[in-house]
Amino acid sequence: MKFSVVVPVYNAELYLNRLVKSVLDQTFSNFELILVDDGSTDNSFALMKKLQEKDSRIKIFSKENTGPGYTRKYGFEKSSGELLFFVDSDDWITTSDVLREINDLFEKNENIDVLFFDREDIIDNTKDIICGFQEVSEGVHNIDEINEVIRPGLGAKIFRRNILKTEMFFESNIFEDLYTTYEYLKQCNYFYYVPKCYYSIYHDINSDSLSSNESAESFSKSLEIILMIYERTNRRSLRYSLELRMATLFTFYWKARLKKWNGYNSDIIKNNIKKIVRILKDNNVIIKPNGNKEIKILIYNILLLISGGHNGKKEN
C-alpha cells in the first residue's frame with residue numbers, strides 16, 4: 001500500500017532534516033513525502049527545495065499562513081497514498097521499519113479503518129512512552145468498544161484515504177486535531193491498536209509547550225471546541241471519551257480558580273463549565289483511576305458536588 005506522509009511546515013528549518021531523514025530511511029519504499037510550507041518566515045522553504053533534490057518522492061508546496069489544520073488539509077488534497085500519516089515538522093518517525101510494520105498490519109487486517117499506536121516524548125534526556133490506550137489490548141476492536149480518552153494528536157494514528165474527507169479538517173489554535181479525529185472516527189467501524197512507538201516528539205526543556213499554565217484564552221477556546229465536537233458526535237463510545245476529557249478540563253478549571261489565575265472567572269468560561277458539569281452529571285462521569293490519580297478523582301468529586309453535579313461512576 002502507498003503511504004502519504006503529510007507534514008505542515010512553519011519555521012522549522014532547525015528540525016526538517018531530522019524529520020525528512022526519518023522518512024527517507026524507511027525500509028518500506030512505497031511512500032510520498034508531502035511538505036507544505038505554511039508561510040514560514042525563516043529558511044524552511046529554501047531547505048525544502050534542497051531536500052526535494054535528494055529524492056523524487058518528496059513533493060513540496062507553499063501557501064499563505066493559515067495554521068496546521070488547513071495546512072494538513074492542503075497536503076491531503078495534494079497527496080495520493082491509500083494511507084495517510086500526518087507528522088509535525090519538529091517530530092519524526094521513530095524507527096526505519098515503521099512504515100513496513102504498519103503496511104503489514106493493514107495488509108493482514110483489511111477491515112482496519114484507523115490504526116492507533118504509542119508515541120515517545122523526549123524531554124531533555126528523559127524519554128516517556130505515551131500509550132495510545134490504557135485499557136485496550138493489541139488487535140482489532142469495534143469503535144464502540146472505546147471507553148477511555150482518545151488522544152487528539154494526528155501523529156499517532158494512520159488514516160485511510162477512502163474515509164478521510166476535506167471537510168474533516170478544521171482550523172483553530174487548539175484542538176483542531178481533536179476535531180479531525182472525531183469527525184473521522186464517526187465514519188469508522190473498526191480500529192487496530194498496536195502498543196509500539198512509531199512516532200517521536202522532542203520537547204526542549206525550556207519549551208513553553210511544557211508549561212502547565214495554559215492561558216485563559218486558549219482554555220476558553222478548548223471548552224468551546226470540545227462542546228462543539230460533542231454536539232456533532234452521536235456515537236455513545238465517542239461521546240463518553242469526550243466526557244472523560246471534559247472531566248479533565250473541569251478539574252483544570254477549578255485548579256486555575258483556586259490558584260486565582262487571571263481570566264478564568266470570565267462569564268464565557270463559567271457558562272461553558274456549567275454546560276460541561278451538566279453533561280457530566282447527566283452521564284454520571286468521573287475521571288477513571290489511572291496510576292496515582294486518586295487525589296485528583298477525590299477533588300473532582302468534591303467540586304462536582306459543589307457545582308451541583310452528581311457523584312457517581314459511569315458503568316461501562
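**View 1. Glu82, Asp104, Glu107 and Glu110 gather in a patch of negative charge on the surface.** The model is predicted: local features need pLDDT of at least 70, side-chain atom pairs count only at pLDDT 80 or more, and totals for chains, interfaces and linings use all residues. Residues are numbered from 1 along each chain as its sequence is written, and side-chain values use heavy atoms, with hydrogens and water left out. Patches are made of residues with over 30% relative accessible area and no salt bridge; like charges are joined within 9 Å, and nonpolar side chains (Val, Leu, Ile, Met, Phe, Trp, Tyr) within 5 Å. Asp and Glu count as negative, Lys and Arg as positive; His and the chain ends are not counted. A charge is placed at NZ of Lys, CZ of Arg, CG of Asp or CD of Glu. Accessible areas come from the Shrake-Rupley method with a 1.4 Å probe; for residues, only the protein chains shown count as cover. Helices (H or I, at least four residues) and strands (E, at least two) are DSSP runs, numbered from the N terminus. Glu107 is partly exposed, at 44% relative accessibility. Buried means under 20% relative accessible area, exposed over 50%, and partly exposed in between (1.4 Å probe, protein chains only).

**View 2. Lys270, Lys274, Lys275, Arg278 and Lys281 form a positive surface patch.** Among them, Lys275 belongs to helix 8 (residues 267-283). Lys275 has a relative accessible area of 43%, so this residue counts as partly exposed.

**View 3. Strand 4 (residues 83-86) is covered on both faces.** Leu83 and Phe85 lie on one side, Leu84 and Phe86 on the other, and all are buried. Strand 1 (residues 3-9) pairs with strand 4 in the parallel sense, over four bridges. Two strands pair if DSSP finds at least two bridges between them. Opposite Phe86 of strand 4 stands Val6. Strand 4 also joins strand 9 (residues 157-160) through two bridges, and these two strands run antiparallel. Here Leu83 has Arg160 of strand 9 as its bridge partner.

**View 4. Arg72 and Asp88 meet through their side chains in a salt bridge (3.3 Å, N to O).** The pair links distant parts of the chain, 16 residues apart: Arg72 is in helix 3 (residues 68-78), and Asp88 is in the loop between strand 4 and strand 5 (91-93). A salt bridge is a side-chain nitrogen of Lys or Arg within 4 Å of a carboxyl oxygen of Asp or Glu. Arg72 is buried, with a relative accessible area of 6%. Asp88 is partly exposed, at 28% relative accessible area. A search of the whole structure finds 15 salt bridges.

**View 5. A salt bridge joins the side chains of Arg235 and Asp144 (2.9 Å, N to O).** This pair links distant parts of the chain, 91 residues apart. Arg235 sits in the loop between helix 6 (216-232) and helix 7 (236-258). Asp144 sits in the loop between strand 8 (139-142) and strand 9. Arg235 counts as buried, at 19% relative accessibility. Asp144 is partly exposed, with a relative accessible area of 46%.

**View 6. The side chains of Glu183 and Lys186 form a salt bridge (3.0 Å, N to O).** Glu183 is buried, with a relative accessible area of 10%. Lys186 is partly exposed, at 23% relative accessible area.

**View 7. Asp124 and Asn284 have positive phi values.** Most residues other than glycine have a negative phi. Phi of Asp124 is near 55 degrees. Asp124 lies in the loop between strand 6 (114-123) and strand 7 (126-130). Its relative accessible area is 37%, so Asp124 is partly exposed. Asn284 has a phi of about 55 degrees, although it is not a glycine. The loop between helix 8 and helix 9 (294-306) holds Asn284. Asn284 counts as partly exposed, at 31% relative accessibility.

**View 8. Lys221 and Ile269 are 9.0 Å apart in space, C-alpha to C-alpha.** In sequence, Lys221 and Ile269 are 48 residues apart. Lys221 is found in helix 6. Lys221 counts as partly exposed, at 27% relative accessibility.
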